[in-house]
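Here is a walk through one structure. Keep the sequence and the 3D view at hand as you read.

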Amino acid sequence: MINGINDSKINISVIIPIYNSESSLERCLDSVLAQSLTEWECICVDDGSTDGSRIILDKYRTNDSRFKVIEQKNSGPSVARNNALDNSNGDYVVFLDSDDYIFSDYLQTLYDKIIGDNSDMCCCGYCSKDGVNVIKQHDYPLDDQSKEYYLQCLFSGTGGTVCSKIYSLELIRNKNLQFNTAFSLCEDQFFALEAICNAKKISSVDYYGYYYDRCNDQSITSKIDSNLWITQLELLDYMNLYMTNHKINCELKNDLLEIKFKNVLYGIFSSMNPITREKWKNIVSNNTVKNYLRQVHIQNKYDFVYVFPVKIRNYVLVKMIYFCRQRLKNDKG
């Protein structure tokens, strides 16, 4: 069910998946309301919230018809974003997480750049907080670079996320780009891969207008367990097949898959509590893990600490490293 349709000219559709976000939702929606570019619609997908999020959404929808509300049973952010894309009316699409917010010139800056460059996708920088300090970061090149260069950034910072970017809705619909609903973790990495592979031109702007809230205890990334990370092994296979079908340079493809595999391996063992011998055997006997362990390179101290013990299948060493990490974490806490 969707409410508040407005037939006036819409340049940008802002898509926000929402689940139990009452603590941050008004800040997020206020940042959309404050935009200097006014020809937007904001499609808020209530993913079965059980807190006061719906009351907040009703208030904004009632006060401004540019806010639209879609209700769905709890199905995850991928289903929510796909649902919103099906109902988008803008020429371009921007994704925003409900615990983040955007600066007042965000939509205008990205819109001007993607129009001016006649590109299918445009990226910008973002801000985040490290304690009390605000950090600015840009994960994409600022000069005119090839599609392959953007792929190299896929697993750096927000390179594989949909925040701090604007997309042509024509690209999304013509190429049938969708979020893979089989994954509730890193689901936007595959969408980012699809967008980069299919875009005719990608641009970037020297601007830091997206505030990425890394401190929200309610976000899914703060509650990741090892089972969610294990599903990422299947995502690896999806990415491998997709890049092969799109004839991505084999060396680049293998480099990207190795980076992703190391991230998955680290995620699995850092979130597994406790690391029992049975769990250990299940992971190292997984065919995807065995395949990548044969190919993976130990390139830095992090690889040596977190990947090497798994590569040589040393359970005791993994347990020792995990114990040390927990002690350090507890000492800091």
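Asp-213 is buried, at 15% relative accessible area. Buried means under 20%, exposed over 50%, and partly exposed in between (1.4 Å probe, protein chains only). This is a predicted model: local features need pLDDT of at least 70, side-chain atom pairs count only at pLDDT 80 or more, and totals for chains, interfaces and linings use all residues. Residues are numbered from 1 along each chain as its sequence is written, and side-chain values use heavy atoms, without hydrogens and water.

Asp-213 has a partner. Arg-27 forms a salt bridge with Asp-213, with the closest N and O atoms 3.1 Å apart. A salt bridge puts a side-chain nitrogen of Lys or Arg within 4 Å of a carboxyl oxygen of Asp or Glu. The pair links distant parts of the chain, 186 residues apart: Arg-27 is in helix H1 (residues 22-33), and Asp-213 is in the loop between strand S10 (202-211) and H8. Helices (H or I, at least four residues) and strands (E, at least two) are DSSP runs, numbered from the N terminus. Arg-27 is partly exposed, at 37% relative accessibility.

By this rule there are 13 salt bridges. Another joins Asp-97 to Arg-81, with the closest N and O atoms 3.0 Å apart. Arg-81 is buried at 3% relative accessibility, whereas Asp-97 is partly exposed at 25%.

Now turn to the helices. H8 (residues 226-245) and H9 (residues 250-271) pack at an angle of about 175°, with their axes 8 Å apart. Axes are lines fitted to C-alpha atoms, for helices over the stretch in contact (heavy atoms within 4.5 Å), and angles run from 0 to 180 degrees between N-to-C directions.
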